[in-house]
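Here are my notes on this one, point by point. Have the model open while you read.

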Amino acid sequence: MGEKVAIIGENGAGKSTLLRLLADEEELSSGNRTTDGWQRTAFVHQDFPVDSVGPDTITEEIIRMRGGESLLRNSKRIMKSLGLGETVLKLSIGSLSGGQQKIIDLSMAFAEHTDYLFLDEPENHIDIFARQSLILLMKEYRGSLIFVSHDQDLIQSVTTRIIEIEDGKLRSYKGTYEFYLQEKA
């Protein structure tokens, strides 16, 4: 528990598919998935699934989708750390920019305090300020974090393990991105 794992590889190698399979967001075509009793999980997609929400305000959506006032309070705190003010809570998700949607989605996922948090390119659509705050959130996260990213600085700053997908094979490297590069060489 508490490991920070980056899944890396070329575009089209299957990183996002592997992440969705691990998070039980996608069905296996064959074989079995063993989760060793994983408890609570959250998943943040590359892009916010706008079609999964209604015309309600963000506040109403957070309470309806993920449940509860305490999640809303925690989400507000995280949103603020990522540079998004509370005024957006009165708007609908569909009226926000991609970066604002990403911050809302990340805020809800981090606020849930899950055992496993799956992030698919969490740095997409966010500005440099939010990216720096995201790195701090990821480093401080107490559960296990499994994410896909192409951002070498983010990977170096956060990871305790790298899983590389290359030619349809997985290779695991315990350590930072720099350690992975040395081992790969």
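1. In what order do the six strands of the open sheet run? The order is β2-β3-β4-β1-β5-β6, with mixed pairing. Strands here are DSSP runs of E with at least two residues, helices are runs of H or I with at least four, and both are numbered from the N terminus. Two strands pair if DSSP finds at least two bridges between them.

2. A word on the basis: this is a predicted model, where local features need pLDDT of at least 70 and side-chain atom pairs count only at pLDDT 80 or more, while totals for chains, interfaces and linings use all residues. Residues are numbered from 1 along each chain as its sequence is written, and side-chain values use heavy atoms, with hydrogens and water left out.

3. Back to the sheet: β2 (41-44) and β6 (169-174) sit at its edges, and each has a single partner strand, so one side of each lacks a neighbour in the sheet. Look also at β1 (residues 4-9), which pairs with β4 in the parallel sense over four bridges. On that pairing, A6 stands opposite F147 in β4.

4. Now the largest pocket, with a volume of about 300 Å³. Its centre is approached most closely by F110, H113, L137, E140 and Y141, out of 16 lining residues.

5. Three aromatic pairs turn up in a search of the whole structure. (Rings of Phe, Tyr and Trp, the last by its six-membered ring, pair if their centres lie within 6.5 Å; planes under 30 degrees apart are stacked, over 60 edge-to-face, the rest tilted.) One of them is F110 with Y141, edge-to-face at 5.5 Å centre to centre and 85° between the planes. This pair links distant parts of the chain, 31 residues apart: F110 is in helix α4 (residues 98-111), Y141 in the loop between α5 and β4 (144-148).

6. Y177 and Y180 make a tilted pair, 5.4 Å centre to centre with 40° between the planes. They are about one helical turn apart because three residues separate them in helix α7 (residues 177-184). Together with Y173, Y177 and Y180 form one aromatic cluster.

Definitions and conventions
On a 1 Å grid over the protein atoms alone, a cavity is a set of points where a 1.4 Å probe fits but cannot get out, and a pocket is an open set with protein on both sides within 12 Å along at least five of seven lines; lining residues have an atom within 4 Å of a point. Grid points are joined across faces, edges and corners, and a volume is the space filled by probe spheres set on the points.
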